[in-house]
Amino acid sequence: MKQKHVIIVGGGASGLVAAITAAREGARVTLIEQKDRLGKKILSTGNGRCNLTNEYMNPDCFRGDDTEIVSAVLKQFGYQETISFFEELGVILKNRQGYIYPITDQASTILDVLCMEVSRMGINVLLEQSVTGIAHTSKGFLIRTNKSTQHGDAVILATGGKAAPALGSDGSGYSLVKGFGHRLSPVVPALVQLKGKGNFFKQIAGVRTNAKVTLLVEGETVSSDTGELQLTNYGISGIPVFQVSRYAAKGLYEKKKVTAEVDFLPVMSDEEFVSFLKKRIEKHGDKHAEDFLVGVFHQKLIGLLLKIARIPSNLNASEITEQQMQLFLKLAKHFIVEIEGTNDFEQAQICAGGVRTTEINSSTMESLLAKDLYLTGELLDIDGICGGYNLQWAWATGYIAGKNAAKGR
Ligand SMILES: Cc1cc2nc3c(=O)[nH]c(=O)nc-3n(C[C@H](O)[C@H](O)[C@H](O)COP(=O)(O)OP(=O)(O)OC[C@H]3O[C@@H](n4cnc5c(N)ncnc54)[C@H](O)[C@@H]3O)c2cc1C
């Protein structure tokens, strides 16, 4: 059987694993990357520590218009396969409450072992070459870059999406796939900060507090998450905001009304909070309202909530009326932020949207529209929640595409 020449466009997370896998399966491999080095984005992952997968690996951690493909992918290359893949490359891994990192806590460890394997497998790496066009010919594919022309029997498009374009993924992959007739689900920023309406944000900027964030689109709850909320001078950020942000971005794209309801004290129900306040008034009723809440909320937050509830900060807690208490409860546990935008792709960790998964063979990652064309990673309309799921998706789809692209003709 003739040795196949597999060309991989994009030397990021999925492209690197695809290249290694295709080479291990016996293919001749060329990896084309437009940046001056491979895997730039990997270095920024997990705050420079690379959260490469998660012990809790379940299809429900992935989103998209049609997520059926996820189970098929994880069945072939799930959590355990990722662990084995990196352990075989020599990495000792560390488990932090299910989140997996290299023991070195350095993302460069992951990139280094991948690059060493690329080199060991004799993969031909072309750096600083941007693929501008791909043509399907009777003999395979003709790939044009800004500097050269390459011929391949199979092509793996591993160009990523368009989040964090400074790290390489500038969205050029979308025009390449459109050339083959693929359709896209609208691409929006995800795992990103949300901009809120209102002039009060400056007053509470810098506050970090545990909170539950519930996202509503047209008044319907679509997602919620609890964790460390960060208040900024333009809106809300932090993990719980990132987790719900793709729904906000999609809603805003569809010109729908998007709001976030913030519960600043998720450890108590509304009823528990009211009875807690009443008991506290019995004990500390002589304290001024602003002092009375110290120990419950962040100082800056107390100031804002009292101001909106029109409770004078020097009012004795015992004089707070039932009506004021109900309003305070509403603000503290059901604070509504009207979302007017997300931060841009530059600040987003990933994109939501991309190539429709119904146009991909879920067992091989081959395009259903073009034979010998394979698609991986963030280019596809699947986005994972925070916690190592996006890299898991990249490694898994890269592995499957690499394995199948290398198979003889
Ligand atoms: C700041 C940050 C932190 C993150 N942290 C985590 C984390 O801890 N855990 C996690 O699971 N996920 C994390 N992610 C998300 C994760 O990094 C991505 O989902 C993943 O890298 C996507 O892999 P990919 O192979 O699809 O694309 P990418 O890794 O983006 O790689 C695409 C590559 O293709 C190249 N390319 C694009 N177009 C062309 C072209 N036309 N010609 C040649 N080359 C091209 C690009 O230069 C790039 O190198 C983070 C993302 C960011 C931005």
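Guide: S3 and S6 pair in the antiparallel sense, over two bridges. The model is a predicted one. Within this pairing, Asn-54 stands opposite Tyr-99 in S6.

S6, residues 99-102, also pairs with S5, again in the antiparallel sense, and here the pairing runs over four bridges. Two of the residue pairs can be named. Lys-94 has Tyr-101 of S6 as its bridge partner, and Leu-93 stands opposite Pro-102 in S6. S5 and S6 form a hairpin, with two residues between the strands. Gln-97 lies in that turn and has a positive phi of about 50 degrees.

Put together, the strands make an open sheet of three, in the order S3-S6-S5, with antiparallel pairing. The edge strands are S3 (53-54) and S5 (93-96), each of which pairs on one side only. As a general point, side chains in a regular strand alternate between the two faces of the sheet.

Helix H9 (residues 270-284) packs with helix H12 (residues 322-333) at an angle of about 130 degrees, and their axes are 11 Å apart. The angle is why H9 counts as oblique to H12. The crossing of H9 past H12 is right-handed. H9 contributes Asp-270, Phe-273, Val-274 and Leu-277 to the contact, while H12 contributes Met-325, Leu-329 and Lys-333. Sorted by class, this contact of H9 with H12 has five nonpolar residues, two charged residues and no polar ones.

The remaining topic is the ligand. There are 39 residues around the ligand, and Gly-10, Gly-12, Gly-160, Gly-168 and Gly-377 come nearest. By class, this shell has 21 polar, 13 nonpolar and five charged residues. Four helices each supply at least two residues of the shell: H1 (13-24), H2 (40-44), H6 (172-178) and H13 (389-405). The largest share, four residues, comes from H13.

To return to the part asked about: S6 pairs with S3 over two bridges and with S5 over four, and the order of the sheet is S3-S6-S5.

Conventions. Residues are numbered from 1 along each chain as its sequence is written. This is a predicted model: local features need pLDDT of at least 70, side-chain atom pairs count only at pLDDT 80 or more; totals for chains, interfaces and linings use all residues. Axes are lines fitted to C-alpha atoms, for helices over the stretch in contact, and angles run from 0 to 180 degrees between N-to-C directions. Angles under 35 degrees count as roughly parallel, over 145 as roughly antiparallel, 65 to 115 as roughly perpendicular and the rest as oblique. A crossing is left-handed if the near helix is turned anticlockwise from the far one by less than a right angle, and right-handed if clockwise. Two residues are in contact if their C-beta atoms, placed from the backbone, lie within 7 Å. Ala, Val, Leu, Ile, Met, Phe, Trp, Tyr, Cys and Pro count as nonpolar, Asp, Glu, Lys and Arg as charged, and the others, Gly among them, as polar. A residue is near a molecule or strand if its C-beta atom, placed from the backbone, lies within 6 Å of it. Two strands pair if DSSP finds at least two bridges between them.
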